[in-house]
Amino acid sequence: MTELSLWRTIARLKDYVRPILPRLIMGFFSALGASLVALAIPQVLRGLVDTIHTGGDPSEVWGPAVVIAVLGLAEAGLVYLRRVFAIAPATDVEMGMRTRLYKHVQHLPAAFHDRWGSGQLLSRAMADLGLIRRWLAFGSLMLVVSFVTVAVGLALMFALNQLLGLIFLAAAVPLIWQGFRFRTAFGASSRLSQDQAGDLATTVEESVHGIRVLKAFGRGPYALDNFHGQAEELRQTELAKARTLSKFLATVVSLPDLVLGAALVIGIIQVAGGHMTVGELVAFFATAAVVAGPVEAIGSLMGMTLTAKTALDRHFDVMDTENTITDPEEPRRAGSVSGDLRLAGLVFRYPDAAPGTAPVLDGVDLHVRAGETMALVGVTGSGKSTLLQLVPRLYDVSDGAVFLDGTDIRRFPLTELRSHVSVAFEDSTLFSTSVRENVLLGARPGGENPDELLARALEVAQARFAYDLPHGVETKIGEEGLSLSGGQRQRIALARAIAARPAVLVLDDPLSALDVRTEEAVTQRLREELQGTTTLIVAHRPSTVALADRVALLQHGRIAAVGTHSELLRANEHYRYVIASLAAEPSVEDVLDAKESR
Ligand SMILES: Nc1ncnc2c1ncn2[C@@H]1O[C@H](COP(=O)(O)OP(=O)(O)OP(=O)(O)O)[C@@H](O)[C@H]1O
């Protein structure tokens, strides 16, 4: 993540800002107009005061007074126009950036999500983009307008009285010097605070997600301590930020006030000596009052600009992350595939694995014939789930290849590959929408009649309970399907995989949360349904193994043996060991028998 200079970072906004540039420029000129009008008022005031002071006709007062009133109204109108021109387009930019970020995050591979906390992505998608919008609609315009107003104001003050003007100009030098120092200090703590806010959001997200675990283990106080520590760190950073800003503001506010005091004394001496009229002195101080606003605002506006720069850096940290799992340059479109799956010399190491660690998969060779159901068995941590994730390209192989109908899967367009390969994981994520939408998530548009497909998938997965929910299959099943039991969620997720009607079905222990009777019913129906669908299924229970035509044994990162369950039981000692450990859980009858025999 390279840190670019302020200007180079802001320049990266150009693609987003180009469509709204005309409106933003109009907004800028409205704001500038308002400031220039404010600066014109003291000039009219000068004539007015001199007229009265030199004993002119009182009726001459009306003309300038009306001009001042009109100028005041014009200023208010221009401020209003600035808001009209700038606010709506800035929300366009915010929405555009948010949508592009979401799209990019969707495309980024699973390895990216292994590395990034969800809170960091959340804070980038929400808070950071809000900061950028406010800076675009207000901060950016007002920073430039403030500098122009100060420059024009100083020129007018010089024109009124050079000596007084010089005094004000002398104050600008330490202000600029302070500005540079402020930029460095504030920039660093601004980045730190936004990153810490992201980490805090991750903690909130994790503890809300895992609230049951925390409660069940009585870890609420520990989680609170942890959260408090993180919140305190963020508070300290925010305080450091506020201290830096207040030191800068103290200079920015107090210096002009000191100068104003000195100028007042010198100004009165100048008027007394006849070097200046009373009107000029009044105009000088009225101009100084107009200039004081932007001078004081410059500090906050610079702070806002630096915060927006940090938000942009954080946005582009994500946007610059390259998607390594992409469509091939010359994709091969197959239309339909029979589902012949071959893994050849497959090696895989997780991108974030410590250097020097052995690959999880190290030379896997396996052929799953079209329409065959193959169970994948191995001790815990042997790499079964990892292997499954390589088939829909959630990760790409480090070496070797996966072939579907003889074609390297990296040659298919990703969407096509994923329409041929459907997955159900043990951890069944459901979305906050209806049962129908969850199940038909991967169904091909224009394919089978959706109602029939839904009914069939729910029936095979033994999930017809969905029709008895309060609104039937239209029932919204809540965040991650929390209102459903673990077994119900798993069956809906299984129905989703079935409804996609894939050529290859990849199931990662999809029945683990079911009771024995339901599992048996699902297994029975799955066996009928899976005829003709190539299925690779991770088995943690003997009943799941029974579903398969053949079984592949994963050991030391390789396929150590392939055969039917009985062949392997007969010929392979490690297989007997794994199966024995799968079946290790005693049945109720075993327990009762053991009790009676005592
Ligand atoms: N995202 C990841 N990043 C780095 N290493 C990982 C990641 N996911 C899994 N691993 C490691 O890869 C190895 C294989 O894990 P995997 O989940 O594939 O095993 P498994 O055979 O499915 O285990 P189980 O039967 O317990 O589900 C383990 O050592 C695990 O720690």
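**View 1. Phe348 stands opposite Leu361 in S2.** The model is predicted. Strand S1 covers residues 341-348 and pairs with S2 in the antiparallel sense. Six bridges join S1 and S2. Strand S2 itself spans 361-368.

**View 2. S1 also pairs with S4, again in the antiparallel sense.** Five bridges hold this pairing. Ala344 stands opposite Ala401 in S4. Strand S4 comprises residues 399-404.

**View 3. S4 and S5 are joined by two bridges.** The two strands run antiparallel. Leu404 has Thr407 in S5 as its bridge partner. Strand S5 is made of residues 407-408.

**View 4. Four strands make an open sheet in the order S2-S1-S4-S5.** The pairing in this sheet is antiparallel. Which strands lie at the edges? They are S2 and S5, and each pairs on one side only. In a regular strand, side chains alternate between the two faces of the sheet.

**View 5. Another open sheet has six strands, ordered S6-S7-S8-S3-S9-S10.** Its pairing is mixed. Strand S6 (421-424) and strand S10 (558-563) stand at the edges. Each has a single partner strand, so one side of each is left without a neighbour in the sheet. From one strand to the next, the twist averages 20°.

View 6. Met374 stands opposite Arg550 in S9.

**View 7. Helix H15 lies across S6 and S7.** This helix is formed by residues 486-499. Strand S7 runs over 504-508. How is H15 oriented relative to S6? The helix runs at about 175° to S6.

**View 8. Helix H19 lies across S3, S9 and S10.** Residues 573-582 form this helix. H19 runs at about 95° to S9.

**View 9. The protein is divided into domain 1 (21-319) and domain 2 (341-596).** The C-alpha centres of the two domains lie 56 Å apart. How many residues of domain 1 are in contact with domain 2? Five residues of domain 1 are in contact with five residues of domain 2. On the side of domain 1 that touches domain 2, three residues are nonpolar, none is polar and two are charged.

**View 10. Two spans from the UniProt record are shown, residues 61-81 and residues 135-157.** The unreviewed UniProt entry lists both under "transmembrane region". The entry also lists residues 20-41, 163-182, 248-269 and 281-306 under that name. Residues 61-81 are 95% helix and 0% strand in the model. The end C-alpha atoms of residues 61-81 lie 30 Å apart. Residues 135-157 are 100% helix and 0% strand. For residues 135-157, the end C-alpha atoms are 30 Å apart.

Definitions and conventions. Residues are numbered from 1 along each chain as its sequence is written. This is a predicted model: local features need pLDDT of at least 70, side-chain atom pairs count only at pLDDT 80 or more; totals for chains, interfaces and linings use all residues. Two strands pair if DSSP finds at least two bridges between them. Axes are lines fitted to C-alpha atoms, for helices over the stretch in contact, and angles run from 0 to 180 degrees between N-to-C directions. Two residues are in contact if their C-beta atoms, placed from the backbone, lie within 7 Å. Domain bounds come from an automatic or database domain assignment. Ala, Val, Leu, Ile, Met, Phe, Trp, Tyr, Cys and Pro count as nonpolar, Asp, Glu, Lys and Arg as charged, and the others, Gly among them, as polar. UniProt positions are given in the numbering used here, feature names are shortened, and annotations may be inferred rather than shown by experiment.
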